[in-house]
Amino acid sequence: MRPLDLSTFFTSSPMSLLQQFDPCSLSSIEDDLLIKKILQTHDPDPDGRELDSSQLLLVIESTMHFISPKFSYPRSDCINSWNFEVFGFEGKLGYTVNKISHRILCKCYEDGDLHAETMMLFETLGPFKWDAKVVLTLAALVSKYGELWLIMQLVHHNSLAALTAALKQMPRELNTLNIQFKALNLLFDTMIEAANLVLEFEGLPLQQQLLDDEAIVVTKSKMYITIYWILRSSISCAPLIADFRTMKDNQVHSNSTTIAAWTVFSLVYKLSGLCNDLREKLHMCHMQIERRFPEKIRHLFELSHCHNQEVLHVLFSSTNDLPLKDSSREKYFGIQELENKVVILLISKPELMAVEKIFYLVHQMHDHPLHKKIGASYAILWVPIPSSHTWNLTDEMNFKFLSNSLPWFSIRCPWLLHSAVINFIRKEWSYKEEPIMVVLSTDGVVTNLNAIDMVWLWGAKAFPFSASREKELWEQENKIFQLLIDGIDPFLTNLVDEGKHICFYGSDKISWIRDFNNTLQKIKNSMGIQLEAIYVGYRNPLNKDVGNILDISMEENSSIFLSTAKMKLFWLRLESIKNSVARLDQAAHYNSIIQPLLDACETSTDWMIIGKGSSTDIIILKGRQVQECLNLVPEWAQKVAKLGLFGAIRCAMESPLPVKPCYHNEILQSEEGLTEEFVFCSRCKRPVEKFVVYQCNVTESAEE
């Protein structure tokens with residue numbers, strides 16, 4: 001294979017070349033014929049071959065930074081990028097790039113028609129999308145150009161580079177070819193600018209639905225011509241890059257290299273004009289989309305659908321066929337993966353939430369006993385939205401770390417979400433920086449604007465996570481202590497299941513906690529009353545303060561002390577109970593128990609709640625009431641055997657019982673395991689005598 005003689009490669013004079021590449025030289029008819037031929041080569045892979053073009057183009061730009069300072073400094077994640085996903089066919093991306101590189105460079109030593117060679121390159125790139133055609137061509141060219149510059153930069157400082165240059169017989173005076181390298185760098189800059197415009201158009205959401213037909217046709221025509229000239233320019237400048245590696249020393253200052261440089265400048269001129277035209281058309285497209293997209297989203301949720309695909313497509317897949325990322329399977333997916341599923345949109349900042357909440361959310365939804373049974377019926381999709389309008393490096397690092405760790409779907413490139421989608425989420429779904437869970441049914445209807453409270457409280461049991469399901473759960477709820485501690489600690493769950501007397505208490509005063517524990521120890525030792533006390537801290541504690549309390553109080557060894565993380569989960573559940581009860585009128589029957597509980601925990605620094613197992617009967621004391629109860633221990637402890645613990649405390653704390661008889665009747669629904677050992681009259685507070693009442697609920701007539 002002989003070296004290319006640049007003087008014979010470019011057969012036309014510089015003036016004729018400038019006329020040939022003038023932006024206005026091609027007529028509209030010629031453009032139409034060229035576009036028709038280009039479209040005939042386009043044969044998208046039916047198996048869904050897809051390349052992450054934006055990521056690869058970013059690495060191309062980063063590579064060029066080390067060649068030309070005009071390009072921005074690369075991000076660390078670009079420098080450390082080794083593998084790029086190419087979906088739909090076997091083999092690595094490197095094989096495809098090498099194949100294209102060979103197609104381009106093999107023509108360097110043959111006399112051929114540039115147009116014919118460009119069309120052959122289109123044939124090679126036929127299965128790929130338009131943006132991928134451009135980016136793969138640039139990757140093939142820049143990889144060879146980067147190899148050349150790598151040797152040039154190291155040849156005087158690295159023995160391996162010097163020996164490699166000697167083996168390749170590279171000329172020693174390449175550094176003097178400033179104008180040639182300047183022309184090539186300028187051409188790469190212009191081709192990358194044009195490639196970004198192609199990616200920008202291909203990334204426009206819902207082109208067919210939001211753009212006028214005329215805008216689509218005109219802009220696509222400009223895009224096809226631009227792609228043609230990117231590929232043609234790549235083939236045109238490839239001989240110059242190849243010749244740098246085979247040029248003899250006496251050819252460095254020849255006229256042929258100068259002619260080649262001016263030819264490259266003419267290509268820059270041609271592509272710059274095409275970029276300006278395409279940029280103008282893109283601006284018109286953006287204006288149409290910005291005007292119509294918000295209305296499209298609002299109208300979408302006013303319609304009924306057969307499935308959730310259209311809704312998910314408009315929100316998340318309008319610019320990307322594989323918008324979903326599943327770290328557990330290390331794959332990217334299309335929205336088809338969510339078809340026929342209840343979809344929970346977890347919307348939050350890129351840092352998601354506190355670590356203990358993240359683990360608890362995984363426990364409630366992924367590790368829940370019901371997950372194996374109904375897990376295939378729903379899916380969580382994490383949609384991170386930063387506080388500012390742009391993503392910074394910290395946001396991206398937080399997102400990438402968490403999305404690679406959590407066992408549910410996440411948006412693969414959330415920074416590409418359209419502003420109309422983000423504005424809709426903020427306005428229509430009332431996203432205010434705090435995490436929310438918006439639930440979409442299998443047919444794409446919003447059934448709950450925020451299911452996060454019911455997820456904290458019931459986990460997978462809350463399926464299908466709709467607002468109506470939340471009402472049902474409250475109607476069925478009858479275990480107050482189970483509701484408070486479910487999923488926080490298995491030991492606490494066992495105490496409830498075993499029907500033990502339990503006392504939750506909280507305070508931020510070490511002296512008060514010590515007095516409480518001392519009294520509790522006396523009750524256990526001298527009076528034989530079994531009462532498990534659990535310290536749960538107080539609202540919004542500082543870790544340092546809670547740590548000091550735990551260090552001191554654990555020495556008393558009379559209470560169960562939770563870790564700081566578990567205390568936070570207790571208060572998280574309490575907050576969720578408050579929010580859920582306030583949202584539902586159907587929970588009013590439960591509110592008589594919940595509201596005093598919330599008041600005690602939130603408004604008082606010293607409080608305690610006493611209950612037994614799964615019973616709904618609890619005693620709530622706060623402030624001075626707690627101290628009064630402790631002071632009356634000798635009085636009520638003597639009555640425990642007769643009245644039970646609750647009855648004894650109530651008799652001691654409340655006013656004296658009335659002397660006159662009371663004939664008040666109450667009918668309480670009996671449920672296995674929940675029948676109280678002692679029941680007290682709601683009026684006179686004395687123990688009542690128990691009778692059994694049977695009720696017939698048969699509704700069929702005797703004739704039937």
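Guide: Let's start with a term: a residue counts as buried when its relative accessible area is under 20%, and as exposed when that area is over 50%. We will apply this to a predicted model.

Visitor: Is S236 buried or exposed?

Guide: The relative accessible area of S236 is 6%, so S236 is buried. S236 sits in helix α12.

Visitor: Which backbone atom lies 2.9 Å from a polar atom of the S236 side chain?

Guide: That atom is the backbone oxygen of R232.

Visitor: How should I read burial across the whole chain?

Guide: Of the 704 residues in the chain, 50% are buried. The accessible surface comes to about 35400 Å², and carbon and sulfur atoms contribute 53% of that. As for the fold, the chain has 29 helices and 14 strands. Among contacts with a separation of 6 or more, 74% are between residues 24 or more positions apart.

Visitor: What should I look for in the interior?

Guide: In soluble globular proteins, nonpolar side chains tend to be buried together. In this model, the largest nonpolar core has 114 residues, and Y145, I347 and L381 have the most contacts inside it. Helix α12, residues 213-246, supplies the largest share of this core, with 16 residues. At least three residues of the core come from each of domain 1 (51-67 + 95-295) and domain 2 (308-476).

Visitor: Which residues does I347 touch, leaving out those up to four places away in sequence?

Guide: I347 touches V383, I385, I425, W429, Y431, E434, P435, I436 and V438. Apart from this core lies another one, of 94 residues, including M353, M437, L572 and C629.

Visitor: Where does pLDDT stay under 50?

Guide: One such stretch is residues 1-26, for which the model has 40 contacts beyond four places in sequence. Another is residues 78-83, with eight contacts of that kind. Where pLDDT is low, the predicted coordinates should not be read in detail. For the chain as a whole, pLDDT averages 79, and 76% of the residues score at least 70.

Notes: Residues numbered from 1 in each chain as written. Predicted model: local features only at pLDDT ≥ 70, side-chain atom pairs only at ≥ 80, totals over all residues. Heavy atoms only, no water. Core = buried A, V, L, I, M, F, W, Y, C linked by side-chain atoms within 4.5 Å. Buried < 20%, exposed > 50% of the residue type's maximum accessible area, 1.4 Å probe, protein only. Helix = DSSP H or I, 4+ residues; strand = E, 2+ residues; numbered from the N terminus. Domains from an automatic or database assignment. Contact = heavy atoms within 4.5 Å. Areas by Shrake-Rupley, 256 points an atom, 1.4 Å probe, with all protein chains shown as cover. pLDDT = per-residue confidence, 0-100. Polar contact = N/O pair within 3.5 Å; in protein donor to acceptor, adjacent residues only side chain to side chain.
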